[in-house]
Amino acid sequence: MTNGSRSTIDAEPYPYEFRPAECALLIIDMQRDFLESGGFGEMLGNDVGQLRRTIEPNRRLLEVWRKAGLAVIHTREGHRPDLADLPPAKKSRGRSKTSIGDPGPMGRILIRGEAGHDIIPELYPAPGEPVIDKPGKGAFFATDLHAILQNRGIRQLVVTGITTEVCVNTTVREANDRGYDCLVPEDCVGSYFPEFQEMGLKMIKAQGGIFGWVSHSDRILAALA
Ligand code: TIU
């Protein structure tokens with residue numbers, strides 16, 4: 001398909017009108033500290049296997065998306081080394097012995113520039129692909145994401161990454177309020193908790209697609225073929 005064309009992707013709650021030239025792939029927080037064994041996520045007792053199953057479908061989608069010449073944007077959750085942008089409530093929340101900014105298994109936890117904060121090698125950003133460093137859960141809060149999308153004429157987002165009920169859901173809700181049509185491929189998003197995976201997707205597509213659409217990467221790949 002060419003960039004100017006449009007097609008329909010089978011999705012819930014109803015088909016998604018896909019306009020590739022106006023659509024960006026937005027990959028949320030596929031960071032080593034969340035996904036790798038020995039990282040911060042696992043240190044907190046989470047099963048990273050629940051997230052790692054999203055790597056291969058994301059890798060395939062990213063490869064085809066890049067070959068089609070479409071827009072790709074990555075995000076990372078993290079903070080300044082001096083913690084100036086870290087709300088005290090976020091720092092103390094969870095009452096964990098180790099929290100944001102402390103030395104962790106892969107450098108200081110969720111601090112920009114540290115190894116664990118960076119994106120996993122399988123999905124590493126290519127030159128020219130914007131990386132949004134966000135201090136919150138939503139990718140629009142305190143970032144220049146909206147400006148970057150507007151400047152590129154983007155109106156649609158395929159949102160993937162982790163976690164389904166936290167940063168993916170928050171970002172989809174923020175995007176929806178800003179007028180973007182969001183499509184979430186269920187195999188490309190993951191949660192440490194299976195019940196939140198299920199409900200996180202249901203919440204997006206409920207009430208006639210109150211925040212967006214849910215589909216599968218195979219259907220997006222077919223539309224790009
Ligand atoms: N990226 C993202 O979702 N950050 C989180 O903190 N997720 C949790 O599930 N905690």
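**The ligand and its pocket**

Colleague: How do the residues of the shell around the ligand divide into nonpolar, polar and charged?

Modeller: Ala, Val, Leu, Ile, Met, Phe, Trp, Tyr, Cys and Pro count as nonpolar, Asp, Glu, Lys and Arg as charged, and the others, Gly among them, as polar. On that basis the shell divides into four nonpolar, one polar and three charged.

Colleague: Which residues are around the ligand?

Modeller: This is a predicted model, where local features need pLDDT of at least 70, side-chain atom pairs count only at pLDDT 80 or more, and totals for chains, interfaces and linings use all residues. Residues are numbered from 1 along each chain as its sequence is written, and side-chain values use heavy atoms, with hydrogens and water left out. With a heavy atom within 4 Å required, the residues are Asp-29, Phe-34, Glu-77, Lys-137, Ile-162, Thr-163, Val-166 and Cys-167.

Colleague: How far from a nitrogen atom of the ligand is a polar side-chain atom of Glu-77?

Modeller: A polar contact here is a pair of N or O atoms within 3.5 Å. A backbone N or O atom of Ile-162 lies 3.1 Å from a ligand nitrogen. For the side chain of Glu-77, the distance to a ligand nitrogen is 2.9 Å.

Colleague: What share of the ligand's exposed area does the protein bury?

Modeller: Accessible areas use the Shrake-Rupley method with a 1.4 Å probe. The ligand alone exposes 280 Å², and the buried part of that is 82%.

Colleague: Where does the ligand sit?

Modeller: A pocket is an open set of points on a 1 Å grid where a 1.4 Å probe fits, with protein on both sides within 12 Å along at least five of seven lines. A molecule sits in one if more than half of its atoms lie within 2 Å of its grid points. By this test the ligand sits in the largest pocket.

Definitions and conventions:
Polar contact = N/O pair within 3.5 Å; in protein donor to acceptor, adjacent residues only side chain to side chain. 1 Å grid on protein atoms, 1.4 Å probe; cavity = no way out; pocket = protein on both sides within 12 Å on 5 of 7 lines; lining within 4 Å.
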